[in-house]
Amino acid sequence: MRILLATLLLVSLCSCQSTKVTTIAKNEDKLLDPNSGFLLLGIETNRNMKFIEISGPTDIQLTAKDLKEGTNYLLIDLSAGNYAVERVQLGNYRYISLEDEENWKFSVVPGQINYVGHLELNTSQNAFYSSAELVNRSSEALQFLEKEFSAILTNRKLKYGGPGEDAFFDFISTLSKDKYDEKN
Amino acid sequence: MKKINLAITLICLMCSFWGNAEPIIASKLYATPDNSMLRLSPDGKFLTAYYRSDKGHYINLIDPHRNKFLSRVDLGLDSKLDTYQWLNSSQLYFSVIYRNQRISLIGSVNKNNDVDVKLMKSKGYLLDSLTGFENQLLFAKRKKSRSDTRDYYYDLYRINIVDLINDDFSDAFKIKHDPKNVSNYFYDEQYKRILTTEYKKKEKSIIVKYIPDTGGDWTNIFKIKDYGYKIEPVGFFDANSLVVLTNKNSDKMVLRAYDFKSKILGEVLYQHPEYDLKSAAFDDQGKLVYVTYLQHGLTKFLYFDSDDSQFIKRLNKSFENKEAYVVDESADERFKLIYVNGSDEPGEYFFYNQQKNSVNRLFVSHLDLEDKSFSPSQHLNVTTSDGTVIEAFLTMPVGYDYKTLLVMPHGGPIAVQESDRFNKNVQYYASRGFTVLRVNFRGSAGFGKAFQTQGVGEFGRLIEEDITAAVNHVTELHNFENTCAIGSSYGGYSAVMLSIKHPEQYDCVVGSFGVYDLPLLFNASNYRSGKEHRKRVSKTVGEYHDDLRLVSPIYLFEQLKTPLMLLAGRNDKVADFEHTNRLHYLLKRQGHNVDTMFYDNTGHGHYNWFGNRHQSAISSDYILRTLGLKRPEPNNLTAAAKEAIAEDFAIIADGYSFDNQVPDDKKKALEYYHLAAEYNHPRSVFNIGAHYHRGDELVKDLGKAVELYKKSAKLEHQYAFTRLGRMYMEGEHVTKDWGKAHQYLEKAQLLDDNPRNNFRLARFYCIAPDKYKNFDKCLELMALKPYLKQSEVKHKKAKKELRETIAWILFEGQLTTNEQQKITDMAIEVFELTDTETTIENLRMGTFNYIESSKFGTNGKYELAHSGSAVSFTKKKSSRFGVAFELDVPGFSVNDKAQQVAIAIRWSKTLPDGSKEPIDNELYWGVPSGDWLFLKSISTIEEKSTWTLEIYDMAKNKLYTQEFFIDPDNGE
């Protein structure tokens, strides 16, 4: 795991082209650009984060509003393509630079909800040590969508776009929906 | 004869429900040993033991010949002994962990048999006591770390003990060597070599290397790597070869020589026909002394010297069906320390005297278990359908029998082995009336490579067939009315799979920290899905293939019909929580009833004893409820049995109540406290009273609360006494009665002299009318020094508790000028105050709102929204009422951080009927500069009331008083 935990000693030239994004608030499916899909990213952190930078067809920046201590979800519509988490800004000066890009890539497929994993961040009290991992927590993501964004979930295929491969969402889609609705 | 028989029958009806054995109290079973790390001095004159209790951690010095306690070293509650050894017959070295730092101590036994302890200034650790060099030892001295890493370097010295204590290395012999890339050092006394290991990241191997103890260049002797077979160094065989345990070119782990110059494995020195060897020991002449292996679940020592062999035979005969072995001995081997352990023996120590040919019992490892009866295990050989013989252990209850079999597969499943040693989980269930079956199925360690390899990739297949063969074997021998499968980790998976494969056989399942989606093991995260990770996993699970779904409970969930409980740790990174959550999601979706317990801040297993106790309590509760099995009525039980069952309920309730790893559920907490109260659990009775007192999940009823407190007091619970004492002292719900208050508070303090009980009694003695007032006792009970002696952590907590008591005394005490001064002096000393008089400035009073900061990383603050004493009710949780102000003291300078001042705050509440209730009495102290805020939440106020705030300084000058009027019916 190559994570460079660094202190910003000089004022850096930030990725000013990054588009600041925030999670969708309303449980309403919207007309997407044909070349866009929904990105669902879980974030679990033991302290508030300042921002996260993600590079790709559109460079985006997740802001502090969506990076509070605890478990957060980010659901946004995004241009389809391959993305990578680049940097996690812990505070005003300390950040994690994720240099092993191959471990931080994910893909967004058009027209679908792409769950790409939970970014789990653990920072020591003095912010000197940090760990980061992108973990497959598909069932929790599904439960979140069922509770908060059922309208979008009903209309869109849910796809796993995170590390490795996983047939869980496909398996769920094969199960009898009627039986589920009746029981719930 | 008939009359006698009738009498016997009647007597037996009154016997304990459990007969000879009874449930073991969980907190006594799942506990750290009281006595551990026993050592003999080289001359056999002394025995030392690490003893831990609630009051402290000690090294006890004992005369083993008379089993007489001599003296102790008090390490304090904040320290933990890491390791220690005798340097010679009168001196010891201790490595202690204190506040996360390792410190070294040298102890010397003086003529009074006390141990004088000196703290070593040098950081580092003892490498060897050098029996060949009198009063000299090898020490690894830590150097300052390099600035770019966290790693430390060590210089190695041969040094005199006295010089080491004095941190004087001027005469020490420095062993020249290259300290780079070196981890821990080890010493081989026979060949006078210093060894170490170096991790080679690229090669993924560990190099073992040595230098002579006079210094020099490192010589590599061994590489530890994943070769597909095991090879473990034991020690030097001769100057150019090692003794290793290996299964290269053999099925079993055997003892062989390894020439590290030619890198050739030599002759087999010893092998056992049936079992893997676990360890071996050689004497100074390089002669093989003994080998060990696990036979029928117990460690067997095979000595090669005839005298040693005879001794072990006699030992085994004296302690049949137990492990008995020498853990330490004197230098001349005339005196030996023996440890005994077995399925029904938690641990005992004995002292052997060769001259007298006697073995004397010293003490046990767990004092609370000394007089308990345990269930022994029966070793079974089971033949599977393909003719393979596997081993199993059956533990039947000694007392009451629910005729319920718990099939308990072990974790792993590869390279893990069930033993017949004392097993806390097994004894927990057996003592509660369950039969436990454990199996060393194919894949288990100890029976050779072929046996172990046969389990690889057999999840849900051969492994469960082996377990089923064992289940069928025991069900033919015994009549069980119920069968459940219960396991952790792989055991959790196996328990679920057993019930899927044999639904007719299982009545319930408990799966803890289990894996339920085998492909997910290969795809857990970005760092646990790559080629290397998958290769590692495949060595246990088999090749990564779509067929793994055929044996994954997730994809078979519709076939799972058995009632199921799932437990998991949310932070588990071995069997990720995702496995359990998926299975839970699918079963819930199907309408299958699943009980769950998901532990917060918990990984792959528990990090404290509470977790273990809770898991067992909630699992056994689930099993009993699901199977419709009744616990015995309280009247049919002995006190100990009642306490065990009561405690099980209380542990479950505590989990739901307090700030721990179990999610809160007040309703369930109350339900289980009631169950515990039926078995007269004193604290549970008190807690129910507290629920009535607070109106928490129950309609507020102070009369009922007092009734329950009194009931709890009859059961001798200290909280009940302290609560009743306070209520009578304050006149809360009851008429103020100093006599009763005194009686209750004194009793509480006698039962437990903790800070709360001491300080509450102190308050009484300071504020009571003359008939009861005793100012000297008041001061004595508030002393903090006794807590500092035990533990700094305890002292800090006590200091916090003292704040309330001093505030009460300031507000309520009718003290003389001299007495008042003594209280002030105490506050000055404890809180390091520089000033006692102060004034309030820049006062803001009214309703405050919390304003978030717009700047990241900066805290928000409370700002005055409306000034005035009439407070509008609001449901906004961030709204408060109260005051904010600054303090001024004579000569105060903003830059002077050393100035410390204190004020006493009292909040009280008056209801429309005129009744007054104290809310807070507290002392606050700190630097005068900045805002001091005293605010109360508005949204939590339930009734129309007047809230009064009073503020005094330490000179008992009234600084401020204010009333606030709130009516929840008027507002938002």
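This is a predicted model: local features need pLDDT of at least 70, side-chain atom pairs count only at pLDDT 80 or more; totals for chains, interfaces and linings use all residues.
**View 1. Helices α13(B) and α14(B) pack against each other.** Here we look at helix α13, residues 639-657 of chain B, beside helix α14, residues 666-678 of chain B. Their axes lie 8 Å apart, and the packing angle is about 165°. Angles over 145 degrees count as roughly antiparallel, so α13(B) is roughly antiparallel to α14(B). The crossing of α13(B) past α14(B) is left-handed. On the α13(B) side, the contact includes B:Ala646, B:Phe649, B:Ala650 and B:Tyr656. Among the residues they meet in α14(B) are B:Ala669, B:Tyr672, B:Tyr673 and B:Leu675. The residues of this contact of α13(B) with α14(B) comprise 11 nonpolar, one polar and three charged.

**View 2. Four strands of chain B make an open sheet, with a helix lying across part of it.** The strand order is β24-β25-β26-β27 in chain B, and the pairing is antiparallel. At the edges sit β24 (323-329) and β27 (358-364) of chain B, each pairing on one side only. From one strand to the next, the twist averages 30°. For a closer look at one pairing, follow strand β26 (residues 345-353) of chain B alongside β27(B): the two pair in the antiparallel sense over six bridges. Within β27(B), B:Val364 stands opposite B:Glu348. Helix α4 (residues 306-318) of chain B lies across β24, β25 (335-342) and β26 of chain B. This helix, α4(B), runs at about 130° to β24(B).

**View 3. A second open sheet has the order β37-β36-β39-β42 in chain B.** Its four strands pair in the antiparallel sense. The edge strands of chain B are β37 (861-867) and β42 (932-937), each with pairing on one side only. On average, neighbouring strands of this sheet are turned by 40° against each other, direction ignored. Strand β36 (residues 839-851) of chain B pairs with β37(B) over six bridges, in the antiparallel sense.

**View 4. A disulfide joins B:Cys484 and B:Cys508.** The two sulfur atoms are 2.0 Å apart. The link of B:Cys484 and B:Cys508 is right-handed, with 110° about the S-S bond. B:Cys484 belongs to strand β32 (residues 482-488) of chain B, while B:Cys508 belongs to strand β33 (residues 508-512) of chain B. The pair links distant parts of the chain, 24 residues apart. Over all chains, the count of disulfides comes to two.

**View 5. B:Phe892 sits in a loop between two strands of chain B.** Leaving aside residues up to four places away in sequence, B:Phe892 touches B:Gln899, B:Pro928 and B:Ser929. B:Asn601 is 291 residues from B:Phe892 along the chain, and their C-alpha atoms are separated by 46 Å.

**View 6. Two backbone details are worth a visit, at B:Pro413 and B:Asn100.** Most residues other than glycine have a negative phi, and most peptide bonds are trans. The bond joining B:Gly412 and B:Pro413 is a cis peptide bond, with omega about -5°. B:Pro413 is found in the loop between β30 (404-407) and α5 (424-430) of chain B. B:Asn100 has a positive phi, near 65°. The loop that holds B:Asn100 runs between β6 (91-98) and β7 (101-109) of chain B.

Terms used
Residues are numbered from 1 along each chain as its sequence is written. Chains are lettered from A and ligands numbered from 1 in the order in which they are written. Side-chain values use heavy atoms; hydrogens and water are left out. Axes are lines fitted to C-alpha atoms, for helices over the stretch in contact, and angles run from 0 to 180 degrees between N-to-C directions. Angles under 35 degrees count as roughly parallel, over 145 as roughly antiparallel, 65 to 115 as roughly perpendicular and the rest as oblique. A crossing is left-handed if the near helix is turned anticlockwise from the far one by less than a right angle, and right-handed if clockwise. Contact means heavy atoms within 4.5 Å. Ala, Val, Leu, Ile, Met, Phe, Trp, Tyr, Cys and Pro count as nonpolar, Asp, Glu, Lys and Arg as charged, and the others, Gly among them, as polar. Two strands pair if DSSP finds at least two bridges between them. A disulfide is a pair of cysteine sulfur atoms within 2.5 Å.
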